[in-house]
Amino acid sequence: MAFSSLHQLVPQFSTLSTELKMHELLQAVWAQLEKDIHALGLVISPVDGIELPIMHQHLVIFLRELTPSSLPEFLYRVDLPETSEVLDPSTEDFFENLAWQILRREALKVYFRLHYAG
């Protein structure tokens with residue numbers, strides 16, 4: 001499960017009527033993620049590029065560095081649906097898949113905010 005665009009991650013973005021460019025939408029997704037992280041008193045270092053695969057890799061590193069007690073709190077804050085295909089923590093690609101789920105959820109938050117704002 002690898003995504004190269006916001007439209008692949010959240011198909012609803014293709015129907016969104018907005019003046020924002022894709023780069024700005026990706027920045028909004030990253031800002032939403034940072035907001036949720038900072039709300040828990042945690043910090044994620046700035047991302048070097050606003051491209052979905054780079055954001056994903058950066059988030060994977062962040063997730064791997066979280067303490068075991070911080071991960072459930074973070075997932076609660078992100079509001080990852082319990083029905084999402086959240087994955088078996090014993091698998092090798094757990095953090096990679098979890099990062100895609102988190103980015104999808106954060107992108108949906110941005111989508112809903114923009115969709116219902118106008």
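1. A residue counts as buried when its relative accessible area is under 20%. Lys-109 has 17% relative accessibility, so Lys-109 counts as buried. The model discussed here is predicted.

2. The chain contains five helices and zero strands. Its 118 residues would give a radius of gyration near 13 Å as a compact globule, and the value of 14 Å agrees with that. Along the principal axes, the C-alpha atoms fill a box of roughly 40 × 30 × 25 Å. Buried residues account for 42% of the chain.

3. Among contacts with a separation of 6 or more, 68% join residues 24 or more positions apart.

4. The chain carries 8 positive and 16 negative charges, and their mean positions lie 8 Å apart. Side chains of opposite charge can pair when their charged atoms come close. Five salt bridges are found in the whole structure.

5. Which residues are linked in a network of salt bridges? They are Asp-36, Arg-77, Glu-106 and Lys-109. Asp-36 meets Lys-109 at 2.6 Å, N to O. Asp-36 is in helix α2 and Lys-109 in helix α5, so this pair ties together parts 73 residues apart in sequence.

6. Asp-36 also forms a salt bridge with Arg-77, with the closest N and O atoms 3.2 Å apart. Arg-77 belongs to helix α4, 41 residues from Asp-36. Asp-36 is buried at 2% relative accessibility, whereas Arg-77 is partly exposed at 35%.

7. Lys-109 pairs with Glu-106 as well, at 3.3 Å between the closest N and O atoms. The two are three residues apart in helix α5, so about one helical turn separates them. Glu-106 is buried, with a relative accessible area of 0%.

Notes. Residues numbered from 1 in each chain as written. Predicted model: local features only at pLDDT ≥ 70, side-chain atom pairs only at ≥ 80, totals over all residues. Heavy atoms only, no water. Helix = DSSP H or I, 4+ residues; strand = E, 2+ residues; numbered from the N terminus. Rg over C-alpha atoms; globule rule 2.2 N^0.38 Å. Buried < 20%, exposed > 50% of the residue type's maximum accessible area, 1.4 Å probe, protein only. Contact = heavy atoms within 4.5 Å. Lys, Arg positive; Asp, Glu negative; His and termini not counted. Charge placed at Lys NZ, Arg CZ, Asp CG, Glu CD. Salt bridge = Lys/Arg side-chain N within 4 Å of Asp/Glu carboxyl O.
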